[in-house]
Every structure is written in C-alpha cells, then in structure tokens.
Amino acid sequence: MQEQLSNRINNLATSQTLAMAAKARELRAEGKDIIGLSLGEPDFNTPDFIKEAAIQAINDNYNSYTPVDGYVELKDAIINKFQRDNNLIYDRTQIVVSTGAKQSLANVAMVLLNPGDEVLLPCPYWVSYAEIVKLAEGVPVEVPTSVETDFKITPEQLEAAITPKTKMIWYSSPCNPSGMVYSKEELRALADVLAKHPDIIVVSDEIYEHINFVGGHASMAQFEDMYDRVVTVNGVSKAFAMTGWRIGYIGAPSWIARACNKMQGQITSGANCIAQRAVITALEAPVSKISYMVDTFKKRRKLIIDLLNDIEGFVTTEPEGAFYVFPNVSHFFGKTLKGHKIENATDFSMFLLEEALVATVTGDAFGNPDCIRISYAASEEQIEEALKRIKKALT
Ligand SMILES: Cc1ncc(COP(=O)(O)O)c(C=O)c1O
C-alpha cells in the first residue's frame with residue numbers, strides 16, 4: 001500500500017537533525033555514553049515567572065478554542081514587543097500567532113507560493129526552509145556562502161540569483177546554523193538590490209534575536225521602503241527556553257496576515273490557550289529577565305571556539321548569535337580515520353558520533369556540504385568532554 005503515498009510526502013526529506021538524534025538514541029540504548037550537541041534547543045528550563053502565568057491560566061479556566069490569529073492581549077503584547085525591541089509599528093491586523101514559528105513559516109509559504117515560484121535561500125539555512133518551500137510547491141534556490149565570507153551573502157550574489165520567477169527570499173539572522181548576524185548596513189545593501197525588484201517578498205526569521213552577543217539586532221522591516229513587503233517571523237522557543245510550548249508569530253502586511261489567518265483557520269485553528277497566556281507574560285517582561293541565559297551561551301561560545309581552534313582541521317568563524325558553531329571540516333575529506341573513509345560532512349559527523357560518541361549535524365542538512373553544526377546548548381562540562389573526545393578521535 002506504500003505506493004499510495006502522495007508525491008508531496010515522498011518528495012519531502014526527513015529532518016537530518018532528527019535523523020542524527022535518532023541514531024544517537026539508538027547508540028544510547030546500546031549503553032553508549034553519547035554527548036548530544038545536535039539539537040537546536042536551549043538546555044534551560046522555562047523561567048518560573050512564565051510557568052506561573054501558565055498555571056494561573058489553567059486555574060482561570062482558559063480552556064476554549066482561541067481566536068485563530070491569537071488572543072487580542074497576546075497580539076497587543078507582540079505589538080509592544082515589536083515597538084520596544086525593533087522599532088517596528090504593527091497593528092492587530094498585521095499579527096498572526098501560530099503553533100511555533102515553524103507554522104508561521106509554513107503559513108507564509110502556503111499563502112504566497114504558486115507552483116514553480118522560486119525562493120532564495122542563502123546557505124546555510126535552517127533545515128526546514130527548503131522542505132516547507134517544496135511542500136508549498138515552490139522551488140528552493142540555494143545561494144551559497146562560505147566560512148571566508150562569514151556565511152553572509154553579498155549584494156552581488158543576491159542580484160545574480162534573482163530571476164523572473166523569484167518570489168521571496170528567506171533568511172534567519174541571527175542564523176541557524178552559522179550564528180552569523182547581519183548588521184543594519186549589510187541588510188541595507190541587500191535592500192538596495194531588492195529595491196530594484198519590488199515584487200520580491202522578504203521573510204526575515206528573527207527567532208534568535210535576543211541570543212546576540214554583539215548587540216544591535218537589525219530587522220529588514222525597519223527600512224521604510226521595505227516595510228510593506230517584509231514578513232518578520234519571531235517566537236519564544238529559543239530566547240525564553242519554550243520550545244515545547246509551541247508559540248511563534250509574524251508581523252506582516254495585513255493582506256499577508258489575513259491570508260495566513262485564513263490558512264491556519266482550516267489547518268490547526270488558534271494556538272494553544274495556556275501557552276498563549278504564558279507568552280503574554282514572557283513578552284511583557286523586560287528582556288533583562290532572560291539575559292542570564294544569553295550570558296551563559298556567551299561563555300560557552302568562547303569555550304567551544306577555543307577548544308575547536310585547538311584541533312587541527314576545524315576552520316570556524318566567531319558566531320555573533322544563536323547557540324551554534326558551524327566549522328568547515330573539509331580538511332578531513334578524502335582521509336581515512338580509524339577505518340572510516342571520510343568523503344563529506346555527513347561521513348565526518350557520523351564518524352564523530354561513532355568514534356567520539358558526540359552527536360553533531362552534517363552541514364548538508366543546511367545546504368552547506370563542507371561544514372558541521374555543533375550546538376553549544378549544553379553544559380560547560382559536556383562541551384569540554386565532547387571536544388576532548390573529538391580531539392582524541394582525530395589524533
Ligand atoms: C531559524 C529557525 N526558525 C524557526 C524555528 C522554529 O521555531 P519554533 O520552535 O517556534 O517552531 C527554528 C527552530 O529550530 C529555527 O532555528
């Protein structure tokens with residue numbers, strides 16, 4: 001009966017992040033002590049003040065279906081957050097709350113893409129972008145970058161990638177997986193190119209906004225000439241350690257927000273009631289309440305970069321945000337390590353899992369076959385032990 005499956009699902013890649021996690025689980029079940037540096041979620045608990053708001057919401061009997069695009073109080077908290085943190089002015093018709101930023105992105109793809117429409121994805125990009133675009137019958141177009149250019153695309157590259165079929169460009173800044181952060185000047189240079197192509201819509205994924213070690217987060221929608229064609233995506237999963245609560249949101253032109261509302265209304269309806277009430281409290285709190293997590297990530301970043309620089313063959317940038325390093329490991333390609341032939345980043349990542357018992361993710365998953373992603377959402381002890389094992393496996 002398998003052949004009954006749709007082309008849609010047959011053409012969809014399985015998330016390689018999850019595939020690596022599954023392999024790590026398998027080895028753990030065999031009794032191996034695997035250090036997991038593959039997952040994209042903070043290793044903190046949701047802060048108590050947010051948990052308390054959720055408990056209060058349960059006791060206050062928030063249990064009914066919610067408005068499709070989110071509680072008005074949450075939309076207002078999001079509007080205030082956009083104004084406070086990003087200097088962006090949105091009204092209630094421009095906000096849609098979803099079940100995670102992943103659903104926000106899926107909504108945007110479904111309401112904007114027609115078959116064959118191209119979506120530019122500067123590489124490396126977050127794993128799900130390409131698959132979400134394909135699900136919506138769009139065509140992902142990879143625009144490569146490298147460790148030498150800090151994983152940023154240049155205005156020239158953007159111009160060269162645009163075709164008459166280009167409908168959108170999607171990127172995350174701070175970036176998962178590279179950790180790069182576009183400065184306001186860099187975004188302006190890209191906006192200058194887009195100014196010549198007024199029909200292209202920008203999806204600016206800012207979910208790692210607060211996990212920024214250099215400060216000065218910039219949003220594409222801050223440019224007056226771009227505001228009307230930018231969808232700003234954000235959510236609470238990363239900065240508030242709320243991955244399982246599943247709340248994301250967009251600020252967008254009203255016509256796009258209305259379409260997303262319509263789409264979501266037929267697929268999932270409004271996001272979870274308790275989580276929405278908790279997120280009102282999260283977003284109304286001063287950002288300083290979560291800075292202890294960012295401070296910890298910053299310390300770990302230094303630790304992991306120092307340790308990586310101490311191992312020959314890893315070429316890494318100093319990521320300015322998120323909680324990943326994305327070293328180029330092509331030095332090892334063509335070599336045989338402990339009997340494993342290393343042809344590419346997938347082989348290397350698998351080698352690290354089997355021989356160093358450290359789980360990472362191949363850069364192939366993110367459209368960059370020369371790198372691997374190492375998450376430092378792990379304790380300093382785990383990071384030290386993992387890098388010690390990696391060094392030993394390689395020497
Ligand atoms: C760049 C990026 N965007 C969006 C998401 C999805 O976040 P959410 O948990 O809100 O669905 C992730 C999660 O890993 C991410 O890394």
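## Ligand surroundings

A residue counts as near a molecule if one of its heavy atoms lies within 4 Å of it. This is a predicted model, where local features need pLDDT of at least 70, side-chain atom pairs count only at pLDDT 80 or more, and totals for chains, interfaces and linings use all residues. Residues are numbered from 1 along each chain as its sequence is written, and side-chain values use heavy atoms, leaving out hydrogens and water.

Around the ligand are G100, A101, K102, W126, S172, N176, D205, I207, Y208, S237, K238 and R246. By class, this shell has four nonpolar, four polar and four charged residues. Here Ala, Val, Leu, Ile, Met, Phe, Trp, Tyr, Cys and Pro count as nonpolar, Asp, Glu, Lys and Arg as charged, and the others, Gly among them, as polar.

## Polar contacts and cover

A polar contact is a pair of N or O atoms within 3.5 Å. D205 places a polar side-chain atom 2.5 Å from a ligand nitrogen. A polar backbone atom of K102 is 3.0 Å from a ligand oxygen. The side chain of R246 has an N or O atom 2.7 Å from an oxygen of the ligand. The protein covers 93% of the 400 Å² of accessible area (Shrake-Rupley method, 1.4 Å probe) that the ligand has on its own.

## Domain record

UniProt, in an unreviewed entry, places the feature "domain: Aminotransferase class I/classII large" at residues 32–390. Such annotations may be inferred rather than shown by experiment. Over residues 32–390 the chain is 37% helix and 15% strand. Helices (H or I, at least four residues) and strands (E, at least two) are DSSP runs, numbered from the N terminus. The end C-alpha atoms of this stretch are 15 Å apart.

## Backbone details in loops

The peptide bond from C123 to P124 is cis, with omega near 0°. P124 sits in the loop between β3 (118–122) and α6 (128–135). N176 and P177 are also joined by a cis peptide bond, with omega about 25°. P177 belongs to the loop between β5 (166–172) and α8 (184–194). N176 is also one of the residues around the ligand.

N87 is not a glycine, yet has a positive phi of about 60°. The loop that holds N87 runs between α4 (72–86) and β2 (95–98).

Terms used: Polar contact = N/O pair within 3.5 Å; in protein donor to acceptor, adjacent residues only side chain to side chain.
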